Amino acid sequence: MSLAQPEAGLEIPTLKTTPADNRRATQATTGCLPCSIGHLGTCSGLLNEAMRFARSDGLTSPEVTTRMNQCLDELNAMERVDLRPELIIDLPKWQKDLAEKALTVSRSTRHSLENLVTVGQLEVVAANTQKIRNEIGSAYLTTHIKQMNPQEQAELKARVIEKAKEIEQREQQ
């Protein structure tokens with residue numbers, strides 16, 4: 001299959017980028033998985049909250065349908081923005097495997113939400129979403145930290161300690 005070439009004399013417009021755009025583009029291949037974990041986490045929280053209302057008010061409650069729709073929006077953003085093929089194609093195998101798992105789970109979750117009939121089904125979707133979010137998040141963090149060199153690990157540890165001190169100071173005020 002070949003791509004059609006533009007007619008002679010036609011100018012193809014190019015996007016003008018700023019240094020910030022270029023920086024984001026180079027970070028995209030490392031950033032798509034953490035963002036995806038965030039989308040899964042948001043969706044999981046929304047479904048957990050939807051369950052609170054569904055138990056008493058049923059699936060048709062505006063509180064339930066709003067949260068389900070927000071979860072669908074998160075999944076769509078993850079699939080169509082953070083895990084686009086051009087962002088995952090060159091990931092290391094372990095990251096690409098996690099990205100593909102996130103895509104598969106997202107698709108399955110969307111289809112399940114679109115076909116819900118009972119509160120029990122919503123509960124299963126909510127539980128599965130939380131479980132898979134934890135699995136993908138743990139696998140990403142564990143492998144990412146193991147692959148850091150000693151200096152990167154020390155810098156990460158220092159940032160965590162500094163953040164913990166900031167939180168402690170705020171709580172004491």
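Buried residues, defined as those under 20% relative accessible area with a 1.4 Å probe and only protein chains considered, make up 29% of the 173 residues in the chain of this predicted model. Residues are numbered from 1 along each chain as its sequence is written. Because the model is predicted, local features need pLDDT of at least 70 and side-chain atom pairs count only at pLDDT 80 or more, whereas totals for chains, interfaces and linings use all residues, and side-chain values rest on heavy atoms, with hydrogens and water left out.

The chain contains six helices and zero strands, taken as DSSP runs (H or I, at least four residues, for helices; E, at least two, for strands) numbered from the N terminus, and its pattern along the sequence reads α-α-α-α-α-α. Among contacts, meaning heavy atoms within 4.5 Å, between residues at least 6 apart in sequence, 75% join residues at least 24 apart.

The pLDDT, which is the predictor's confidence in each residue from 0 to 100, averages 85 over the chain, and 82% of the residues score at least 70. Over residues 1-30 the pLDDT is below 50, and this stretch has eight contacts in the model beyond near neighbours in sequence.

Arg67 lies in helix 2 (residues 62-82) and counts as buried because its relative accessibility is 17%. Leaving aside residues up to four places away in sequence, Arg67 touches Leu46, Glu49, Ala50 and Phe53.

Notes. Buried means under 20% relative accessible area, exposed over 50%, partly exposed in between (1.4 Å probe, protein chains only).
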